[in-house]
Amino acid sequence: MKDLISIIDVKKHVGETVKIGAWVADKSGKGKLQFLQLRDGTAFFQAVVFKPNMIEKFGEEAGTAKFDEIKHLSQETSVYVTGVVKEDARSKFGYELDVTDVEVIGASQDYPITPKEHGVEFLLDNRHLWLRSKRQMAIMQIRNAIIYASYDFFAKNGFIKFDSPILSGNAAENTTELFETDYFGNPAFLSQSGQLYLEAGAMALGRVFDFGPVFRAEKSKTRRHLTEFWMMDAEYPFVTHDESLDIQEAYVKALIQGVLDNAAYALETLERDTSKLQKYIDTPFMRVSYDDAIDLLQAHENDEDTDYEHVEHGDDFGSPHETWLSNFYGVPTFVINYPASFKAFYMKPVPGNPERVLCADLLAPEGYGEIIGGSERETDYDLLLKKIADFGLDPKDYEWYLELRKFGSVPHAGFGLGLERMVTFAAGTEHIREAIPFPRMINRIQP
């Protein structure tokens, strides 16, 4: 109905009579007053029903019947509500509706997610309904703002959207983390990353990015991991590793700014400390080498406030190490030049130090860990072929990828950002499962 307005827009209609399509999220009242908590996907706010107003408009009998109908509305009943918008300094939202009419659209009986506390497993079983809650709505709005900001950033910086396949014949990362399926008698795998295909796109189109679902067959039960998630990958030619870090920093800052600009209500709903988000925009990100990070961790491992295990040069970081490092610097932190031994085969070695590769993980502060992984890519055909063999991969599966090095290879780099990790960081929420609309049963994590 074109005459309807959204709850988020009521501030533009103070003193006016408006009509809103909404659901009754909750209800309370006493005597001649009923308070309806309404939601429509844009915001939640209160509508106030005063029985004498119903009688004045509809007459004694009809007005009383109307008020009684409103009094007995159940949770998640869908309604058209008409009323006058008023400012309400007592509420965080700042406005309420003085109701003149309520029309029931669809009844709701025995809605399972009542206002009381529910366990995580119960909420996941009812995820299709849990999405209606105020918290979940806010998280999805932040997710949307990040997606919008991604497309805006890449459009403004000369990138072309380049869609990578979801079914692939080879691994981008680790073959033990592949979901295998049968493709008409041949093995195929759900994509871990679109990065290899993006390299082909970059050699054809220049700056490219893709954005879609990826899959990791790892049985990790942490608040940072999912088996199915959304990844944004970007690739660009004629770019060095340091220049790539500049692009990544600008991109993450643009995402945070997009959330501040376009999801302010959601941030307020989640009580996110926006001063921290603004700090991450205003302050340069830190860059520290892997080996310096190891030295730093070793130097502080006996401090009273540390809870990570001892690490040696050559060890990979665990979540506690990442958390401590990013909190130590207080801003998103690039850890650069990791050991080649546990990084992907396509990464270019550090000049003069083949045991380290030109890569970086961007660690988000406040305990959110890695949100970006990126590197400069190996451009030498023979070296890349050797790395593929060293990793136990079949060179025949990568013939097309190797050919990119035969026909006009150039320095190039790229990165991938996990959308759900970025949403969790921006929203200030605890568990990644809330950042994806429908986490699969296998994605459930321990609360």
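A crossing of two helices is left-handed if the near helix is turned anticlockwise from the far one by less than a right angle, and right-handed if clockwise. Keep that in mind for both stops. This is a predicted model: local features need pLDDT of at least 70, side-chain atom pairs count only at pLDDT 80 or more, and totals for chains, interfaces and linings use all residues. Residues are numbered from 1 along each chain as its sequence is written, and side-chain values use heavy atoms, with hydrogens and water left out.

**Stop one: helices 5 and 7**

Select residues 134-156, helix 5. (Helices are DSSP runs of H or I, at least four residues, numbered from the N terminus.) Helix 5 crosses helix 7 in a right-handed sense. Their axes come within 8 Å and cross at roughly 135°. (Axes are lines fitted to C-alpha atoms over the stretch in contact; angles run from 0 to 180 degrees between N-to-C directions.) The pair is therefore oblique. (Under 35 degrees counts as roughly parallel, over 145 as roughly antiparallel, 65 to 115 as roughly perpendicular, the rest as oblique.)

Now show side chains. The contact (heavy atoms within 4.5 Å) includes Ile-142, Tyr-148 and Phe-153 of helix 5 and Tyr-251, Gly-258 and Asn-262 of helix 7. By class it has 13 nonpolar, 3 polar and no charged residues.

**Stop two: helices 7 and 14**

Pick Val-252, Leu-255, Ile-256 and Val-259 on helix 7, then Met-422, Phe-425 and Ala-426 on helix 14. Those contact residues are 7 nonpolar, no polar and no charged.

Definitions and conventions: Helices (H or I, at least four residues) and strands (E, at least two) are DSSP runs, numbered from the N terminus. Ala, Val, Leu, Ile, Met, Phe, Trp, Tyr, Cys and Pro count as nonpolar, Asp, Glu, Lys and Arg as charged, and the others, Gly among them, as polar.
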